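Here is a friendly walk through one model, written for someone who likes to have definitions beside the values. Please keep the viewer open as you read.

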Amino acid sequence: MSDKWFGFVGKILRVDLTKGVVSKEPMKKEFAKRFLGGVGYSAKILWDELKGGIDPLGPENKLILATGPLTGTLCPGSGSFSACFKSPLTNVWGESRCGGDWGPELKFAGFDLLVLEGKSEKPVYLWVLDGDAEIRSAEHLTGKSVPDTETILRREVGYYESKAVSAGPAGEKLVRFANIMSCYDRAAGRCGGGAVMGSKNLKAVVVRGHGEIPVARPEAFIKDVEDAEKAAMEYPDPDAPYRDSFMDGTMAFMETIDEVGDLPTKYGVTNYWGKGMEMFDLLRERHFIKSSACFACPLGCGRYSEVKTGKWTTPPSGGPEYETVAGFTAFPFCDDIEAAIRANYLCNVYGMDTISCSHVIAFAMECYDRGWIDDKLLDGLKLTWGNSDAIVTMVERIAKRDGFGDVLAEGVKRAAEVIGNGAQELALHVKGLEMPYHDPRPAKTLALQYGTANRGMCHVHPHETHDVVHTPEWAETLVPYGLPEPPIDGYSEEGVGQVTMVTQDSGMTMEILGLCKFHVWTGLFLKRRASLLSDAVGWNVSDLDLLKIAERVFNLQRCFNVREGVRRKDDMIPKRLREMPAFGPFSKKEAAIANYEGMLDEYYEVRGWDKKTGIPTRKKLEELELKEVADHLNI
Amino acid sequence: MKSLVIIPDLCRGCQICVLQCSFQHHGTHAPSRAAIHVIRHEPDGRLVDRPVVCVQCGICLSACPVPGAMVRNKVGAVVVKEEKCTGCGLCVMSCPYGMIKIDPVTMKASKCDLCGGEPACVEHCPFGALAYLEPEQAAYLKRISVARR
């Protein structure tokens, strides 16, 4: 086997922060073939190198920033990296993807993966330049906001075009849903990677690379790229491509999401708000400045906005995207888009996940409404539904762990334990990860995805959402891989196990290739992904092979969770989401989930997992060439 | 003779132009070897997403001390003759736009050659932010760029 790498650049940078030692090691071809890159290769490292039951905020946790074999290439949507770690929010598998330019830059600097381990005694940052790295003091950066940190570091390292990832003040304060921020306002959100950085006293990783990402078969690869580019611009109809919607950003979908009962409203008591379109129009007409793309993306869905005057004056900054707006408007029942833009900005400068942050605030509002939190605890803040002053104030308190913010900074699961009464039953989370802003009731595959995603309650990792907001043309492309034809009804509880598995594994392929998931909707179908991968790396991977690798990675991550104690009970979704929406046009019987346990049985069956425990069977693991994992778990 | 021009405000910063430039010229993904650049953030962090590319003014041509190492070709591009270029870097120093550099692999001067009259960056820009236009149309866009400075 040749030592030369294509697609991958072939090296891992490992940094022991305890000893202050930087080392380089080769990527292993055997692992790359079995797991590809991104969350796949990282799952193998974390499975091998972490012990079950460790403290996610202790020095024994490791944080991997990983690219994939297509990251940084001309493949559409290649501007990704994934952060993988044991999550301090959930105590299970943690991963979060981030767009922007940092992932490609890491590869141009000569590394596919960066493994960060141990804990530095004093605040430090890592400076990576063309195949080498050094640990530098970050004492002058303590408490600095995300944009200030990045601006200072670009100048300090002497390369204005370097790219940084950093933990903001929230990460330093170990807010359990702190983000790893990148390129000023891009985020590896969810699961608390920023807190892991904070726990290691690692403020930032700045990278500059002048190298290359060669591909094995350049002529074939550029043809694949042209085919994929054409698909991105034209699919499914050149006169009305899906790209048009993405060009307006995720907020362009808010109206549809609202109208089909996909918008969790008033802490998820229902799934219709009626003001989705108004929010989009206000953002577009009054606050939008420009669109911005991640590296090599022809969609360019990113927003850049501001609030010019008034109480919520906010300087030009990234976002807000759909999830953020939904979280700071419909969820806490507040129609103040300017406050949502301000809250988004604050989350970005402090470095916090906008989904979890908005979620815990709306949760606190419902607890307040029910009298479970009193005014004294809140230092006089009136956490009434829709109170935008309270929302923005609470964002800052959470970031600073000030007063009751300290409780909410622990995430909804731990906060509910502190609040008591019925709060634990009310809290909408799976495995400790707060619910994002798509409602599973009219789309029951999403309910199963929420229950079984390895990182907890998540709509995108690794699911290719097969729900009401997406179109039949797109779903048809997965029919050859096991999606039923005709598609099942959104309300159906039959057949959802199969659909969930296929969409999860297909979605996983994007994570292990190092691509943005939005491109699955704009023509980057499995066959195209497989072809681009094969011509990039130089070994042949078919669409079915790619799905198999994805299934292997999904199962390995599941086994990581099994080692942490995850069982069937942890795949349950919250009671409120199994019940009929309380009011609104979708408040009908079929919107309730009658037999979630039955759906789970079917899912375990198709996954080849034990129905009683939810643990993958030895047969399945051996079929996936994961015998060593089965042995380790004594299955 | 056509000019490669930038249409303001349409760029979203994806850098597909940069990758295409390096791939078409060197068969690999290497932004450091590309002749077109995208400024994403100002030094203070403000997001701007502005592509910048050589205007073929010829200042480098006048600065080059080696006879025949730089020539203006039939599509109007000032191009480097690698076999004659010594890599001295005087052209790099003379360029007020930062549009010519010493290639990290060949160690020779490297700049935009307009792809011989079919610029790949223009063909592949998904946002229509680049154009290759006849003089009158190009002039308007050039004036806009100057007016905005």
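At what angle do the axes of helix α12 (residues 337–350) of chain A and helix α14 (residues 388–400) of chain A cross? They cross at roughly 5° and come within 10 Å, where axes are lines fitted to C-alpha atoms, for helices over the stretch in contact, and angles run from 0 to 180 degrees between N-to-C directions. That makes α12(A) roughly parallel to α14(A), the word used for angles under 35 degrees. Helices (H or I, at least four residues) and strands (E, at least two) are DSSP runs, numbered from the N terminus.

Before going on, note that this is a predicted model, in which local features need pLDDT of at least 70 and side-chain atom pairs count only at pLDDT 80 or more, while totals for chains, interfaces and linings use all residues. Residues are numbered from 1 along each chain as its sequence is written, with chains lettered from A and ligands numbered from 1 in the order in which they are written.

Back to the helix pair: α12(A) brings Ala339(A), Arg342(A), Ala343(A), Leu346(A), Cys347(A) and Tyr350(A) to the contact, and the partners from α14(A) include Ile391(A), Val392(A), Val395(A) and Glu396(A). Contact here asks that C-beta atoms, placed from the backbone, lie within 7 Å. By class, the contact has 9 nonpolar, 1 polar and 2 charged residues; Ala, Val, Leu, Ile, Met, Phe, Trp, Tyr, Cys and Pro count as nonpolar, Asp, Glu, Lys and Arg as charged, and the others, Gly among them, as polar.

Next, the domains. An automatic or database domain assignment gives chain A domain 1 (11–208), domain 2 (246–255 + 265–408) and domain 3 (444–633). The centres of domain 2 and domain 3 of chain A, taken over C-alpha atoms, are 29 Å apart. Across that boundary, 11 residues of domain 2 are in contact with 13 residues of domain 3, and the domain 2 side has 8 nonpolar, 3 polar and no charged residues.

Between the chains, 28 residues of chain A are in contact with 25 residues of chain B. On the chain A side, α4 (146–156), α7 (218–234) and β13 (288–292) each supply at least two residues. This side divides into 17 nonpolar, 7 polar and 4 charged residues.

Is strand β5 (residues 93–98) of chain A mostly covered or open? It is mostly covered, with 6 of its 6 residues buried; buried means 20 or more other C-beta atoms within 10 Å of a residue's own, exposed 12 or fewer, and partly exposed in between, with C-beta atoms placed from the backbone. Trp93(A), Glu95(A) and Arg97(A) lie on one face, and Gly94(A), Ser96(A) and Cys98(A) on the other. Strand β4 (residues 81–86) of chain A pairs with β5(A) in the antiparallel sense over 6 bridges, pairing being at least two DSSP bridges. Phe85(A) stands opposite Gly94(A), and Asn91(A), in the hairpin of these strands, takes a positive phi near 65°.

Some backbone angles are worth a look:

| Site | Feature | Angle |
|---|---|---|
| Tyr235(A) to Pro236(A) | cis peptide bond | omega near -5° |
| Glu485(A) to Pro486(A) | cis peptide bond | omega about 0° |
| Asp130(A) | positive phi | about 40° |
| Cys115(B) | positive phi | about 50° |

Asp130(A) is partly exposed, with 15 other C-beta atoms within 10 Å, whereas Cys115(B) is buried, with 20.

Conventions. Two residues are in contact if their C-beta atoms, placed from the backbone, lie within 7 Å. Angles under 35 degrees count as roughly parallel, over 145 as roughly antiparallel, 65 to 115 as roughly perpendicular and the rest as oblique.
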